[in-house]
Amino acid sequence: MRWLLPAALILLDGWTPANVSTAAQDHQRARSFGVAPGVLTPGPHNAITDVAGVRVGHVTLAEGKALNTGVTAIIPAPGNLRTSKVPAAVHVINGYGKLAGISQVRELGEIETPVILTNTLSVAEGLAGTVEWTLAQKGNEDILSVNAVVGETNDGFLNDIRARAITKNHVRTAIETARGGPVAEGNVGAGTGTVAFDFKGGIGTSSRRLPETLGAWTVGVLVQANMGGILTIDGIRVGERLGRYFLKDDIAGDTSGDGSIMIVVATDAPLSDRNLLRLAKRAVAGLARTGASLTNGSGDYVIAFSSHPETRRAETTEPPAWPELPNDAMSPLFQAVAEATQEAIYNALFAAETVTGHRGRVEALPMDRVKQFLSASTAKGKRTASP
């Protein structure tokens with residue numbers, strides 16, 4: 001089996017996967033098409049890695065029609081996470097999913113490992129790889145417990161998910177090769193086989209930086225987009241115009257609104273786990289603006305953490321002395337996470353490419369038509385909401 005290395009996505013042996021279309025060469029990020037949700041400014045990479053200390057790694061498995069899956073690892077902060085944890089929270093939007101480690105995060109309000117994203121039937125390998133990597137870190141020689149955080153979405157249409165191709169070594173590789181800077185999007189890592197709004201989904205990311213007058217804090221978001229609904233881009237009802245949307249004609253075999261999304265939120269603001277939970281809940285605003293239906297069969301989760309160095313937590317009986325942003329300072333961060341979540345989802349869709357996979361073909365978003373919709377809307381001087 002041949003697989004892609006993280007970050008730069010170096011393809012081993014010069015092999016090119018035949019199931020990935022090369023017709024989507026004009027796919028770029030949302031801002032290339034004038035889609036820039038909100039009023040706040042992105043960080044330099046417009047990615048979750050704009051939050052100081054956060055790193056991302058991908059391992060992508062793509063071979064023939066059967067294999068389209070992978071692993072994405074998000075490292076919340078530098079150093080030993082097990083002995084110096086980050087404050088964190090989890091918000092469950094609709095819980096038809098498998099998020100390992102959730103109970104301890106909710107109980108203690110902290111994360112002590114990288115956050116791993118993969119497919120539904122590979123959560124066990126995500127756990128095994130993360131635990132092994134954590135136990136091997138210097139300073140963890142006497143550690144007897146590890147709470148690994150592993151999320152998933154189901155890529156079983158484009159990927160032979162029952163083959164369970166992901167291994168714990170893939171997980172360790174994604175962690176060990178994670179880096180800062182630009183983040184690969186679309187058909188990479190845990191987004192290799194995902195489908196969103198009946199088009200090819202994937203990994204997407206975005207960030208927002210508050211002005212100096214509001215603290216200059218950064219909020220970054222990374223999504224594994226695999227959800228259904230009625231796609232809306234910057235107010236334009238794109239899904240309806242393209243004839244691909246949930247409940248269309250309400251007939252058997254029609255486009256399903258089911259699916260899932262994992263949303264990972266990072267910030268360098270000094271937040272408690274209580275305010276991180278409040279921040280995680282506001283990511284739903286950005287998700288809703290894209291037209292997600294959040295159906296009964298959807299697994300939708302938000303994981304939020306702070307990388308602020310003074311909020312790191314050790315196992316101690318000493319009273320905490322970390323700084324905490326007050327409640328009255330949270331509203332600008334709420335706006336930031338909504339904007340970044342919305343744009344991260346658009347970036348996942350815009351970067352994705354058509355795939356012919358295990359059970360069929362999923363087309364990428366037809367960017368030529370989307371550009372026409374956007375241009376027509378701009379010519380009118382506003383983003384119209386009519387189909």
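Helices (H or I, at least four residues) and strands (E, at least two) are DSSP runs here, numbered from the N terminus. The model you have open is predicted, so local features need pLDDT of at least 70 and side-chain atom pairs count only at pLDDT 80 or more, while totals for chains, interfaces and linings use all residues. Residues are numbered from 1 along each chain as its sequence is written, and side-chain values use heavy atoms, with hydrogens and water left out.

**The whole chain**

Start with everything shown. The chain holds 7 helices and 15 strands. Of its 387 residues, 58% are buried (under 20% relative accessible area; exposed is over 50%, partly exposed in between, with a 1.4 Å probe and protein chains only). Contacts (heavy atoms within 4.5 Å) are worth a look too: among those with a separation of 6 or more, 80% join residues 24 or more positions apart.

**Stop 1**

Select residues 55-63 for strand E2 and 67-75 for strand E3. The two pair in the antiparallel sense over 9 bridges (strands pair if DSSP finds at least two bridges between them). Threonine 60 sits opposite glycine 70 of E3. Now find the turn: 3 residues separate the strands of this hairpin, and glycine 64 there has a positive phi of about 60 degrees.

Colour by burial next. In E2, 7 of 9 residues are buried, and in E3 the count is 9 of 9. In a regular strand the side chains alternate between the two faces of the sheet. On E3, Leu67, Thr69, Val71, Ala73 and Ile75 are buried on one side, and Asn68, Gly70, Thr72 and Ile74 are buried on the other.

Look for alanine 73 facing isoleucine 116 of E6.

**Stop 2: helix H2**

Select residues 123-135. Helix H2 has 13 residues and reaches 18 Å from first C-alpha to last, close to the expected 18 Å (1.5 Å times one less than the number of residues). Which residues of H2 are buried? They are Val123, Glu125, Gly126, Gly129, Thr130, Trp133 and Thr134. Turn the view down the axis of H2: these buried residues fall within an arc of 160 degrees, so they line one face of the helix (the arc is taken from the directions from the helix axis to the C-beta atoms). Their packing partners are strand E6 (115-119), strand E7 (149-153) and helix H3 (168-176).

**Stop 3: the six-stranded sheet**

Now display the open sheet of 6 strands, whose order is E5-E4-E13-E12-E11-E10, with mixed pairing. Its edge strands are E5 (110-111) and E10 (202-209), each pairing on one side only. E5 and E4 (86-95) pair in the antiparallel sense over 2 bridges, where glutamate 110 of E5 is the bridge partner of proline 87. Helix H5 (273-289) packs on this sheet, touching E4, E12 (260-267) and E13 (299-306), with its direction at about 40 degrees to that of E4 (axes are lines fitted to C-alpha atoms, for helices over the stretch in contact, and angles run from 0 to 180 degrees between N-to-C directions).

Bring in helix H6 (331-351) as well. H6 lies across E10, E11 (218-226) and E12, running at about 150 degrees to E10.

**Stop 4: leucine 271**

Centre on leucine 271, in the loop between E12 and H5. Is leucine 271 buried or exposed? Its relative accessibility is 2%, so leucine 271 counts as buried. Beyond residues up to four places away in sequence, leucine 271 touches Pro87, Leu276, Leu279, Ser306, Thr311, Leu325, Met330 and Leu333. Alanine 88 is 183 residues from leucine 271 in sequence but 8.8 Å away in space, C-alpha to C-alpha.

**Stop 5: the nonpolar cores**

Finish inside. A nonpolar core is a set of buried Ala, Val, Leu, Ile, Met, Phe, Trp, Tyr and Cys residues joined through side-chain atoms within 4.5 Å. The largest has 51 residues, with Ile233, Val265, Leu333, Phe350 and Leu365 making the most contacts inside it. E11, E12, H5, E13, H6 and helix H7 (367-379) each give two or more residues to this core, and H6 supplies the largest share, 11 residues. A second, separate core of 47 residues includes Val59, Val150, Ala174 and Ile303.
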